[in-house]
Amino acid sequence: MSAENMQIHDPSVTDIVDEAEIWSALLPLDGARVIELGCGAAAHTCAIAATGRPASMLACEVDDIQHEKNCAAADIPAGVEFARAGAEAIPAEDDSADIVMMFKSLHHVPMGSMDDAMAEIRRVLRPGGVAYISEPVYAGDFNEVLRLFHDEGEVRRAAFEAVRRAVADGTLELAEQRFFHTRNDFEDFADFEDKVLGVTHTEHNLSPELHQTVRETFEQYMGPEGARFEMPIRVDLLRHPA
């Protein structure tokens with residue numbers, strides 16, 4: 001697929017899946033040396049390491065508070081190493097990784113550094129190695145709540161354009177695009193506050209008036225089982241040209 005044919009969103013796709021089904025099907029994990037960039041609380045890193053398939057996993061996180069929590073966490077699967085690092089400066093040797101993963105983190109890279117991040121991904125991947133770039137699409141009910149206080153339209157578009165430029169200029173090849181929806185559910189507004197407003201990688205300073213607006217909008221989605229959202233996701237599967 002060429003860069004010109006890439007899509008930022010495919011609204012015709014509405015299948016709801018666990019993203020584990022996607023990465024399990026797309027990634028050659030057996031014996032792989034894996035790097036995750038922007039690992040957050042390392043949920044994906046730990047889930048993938050726990051399969052026993054990769055040979056090693058380096059989980060990078062730029063947020064100091066979250067990185068310290070990761071390093072102090074118990075029951076981390078064998079083979080996982082944590083590093084305090086951003087995607088634009090990956091602490092790995094050239095051609096040293098078989099897989100690089102980014103789960104909803106490329107749009108958090110400063111826009112002026114996104115091209116550097118794509119170049120770094122190519123640098124650390126061995127020829128033929130793959131990059132799995134998973135990004136939330138700017139659409140859906142959850143996005144309507146989020147954009148009230150943290151509108152990511154510009155940065156999500158910039159992330160897509162950075163990937164497309166990397167494909168257009170030959171930095172990386174596009175193997176496949178995959179679109180799907182995942183669930184993003186909350187027990188109540190307190191759960192939303194903890195998981196979204198309380199993240200340490202982004203400072204959300206809501207005025208009392210905006211906080212009330214966010215609460216009222218969120219509670220429109222509350223039902224007997226809490227607030228249930230579908231989040232549209234795009235995965236760009238890239239390859240280092242062999």
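User: If a cavity is a set of points on a 1 Å grid over the protein atoms alone where a 1.4 Å probe fits but cannot get out, how much space lies in the largest cavity?

Analyst: This is a predicted model, in which local features need pLDDT of at least 70 and side-chain atom pairs count only at pLDDT 80 or more, while totals for chains, interfaces and linings use all residues. Residues are numbered from 1 along each chain as its sequence is written, and side-chain values use heavy atoms, leaving out hydrogens and water. A search of the whole structure finds two cavities of 30 Å³ or more, where a volume is the space filled by probe spheres set on grid points joined across faces, edges and corners. The largest cavity holds about 40 Å³.

User: Which element gives the most to the lining of the largest cavity?

Analyst: The lining (residues with an atom within 4 Å of a point) includes Phe-142, Asn-143, Arg-156, Glu-230, Met-231 and Pro-232. Helix 5 and strand 9 each supply at least two lining residues, helices (H or I, at least four residues) and strands (E, at least two) being DSSP runs numbered from the N terminus. With three residues, the element that gives the most is strand 9.

User: Where do the buried residues of helix 8 lie?

Analyst: Helix 8, residues 208-219, has twelve residues, of which Val-214, Thr-217 and Phe-218 are buried. Seen down the helix axis, these buried residues fall within an arc of 100 degrees (taken from the directions from the axis to the C-beta atoms), so they line one face of the helix. Pro-208 and Glu-209 are exposed on the other side, whereas the cover over the buried residues includes helix 5, helix 7, strand 7 and strand 8. The buried residues therefore lie along one face of helix 8.

User: Which residue caps the N-terminal end of helix 7?

Analyst: Helix 7 has Phe-189, Asp-191, Phe-192, Val-196 and Leu-197 buried, and these pack against helix 5 and helix 8. At its N-terminal end, the backbone nitrogen of Ala-190 lies 3.2 Å from a side-chain oxygen of the capping residue, Asp-188.

Methods:
Expected span 1.5 Å × (residues − 1). Buried < 20%, exposed > 50% of the residue type's maximum accessible area, 1.4 Å probe, protein only. Contact = heavy atoms within 4.5 Å. Polar contact = N/O pair within 3.5 Å; in protein donor to acceptor, adjacent residues only side chain to side chain. 1 Å grid on protein atoms, 1.4 Å probe; cavity = no way out; pocket = protein on both sides within 12 Å on 5 of 7 lines; lining within 4 Å.
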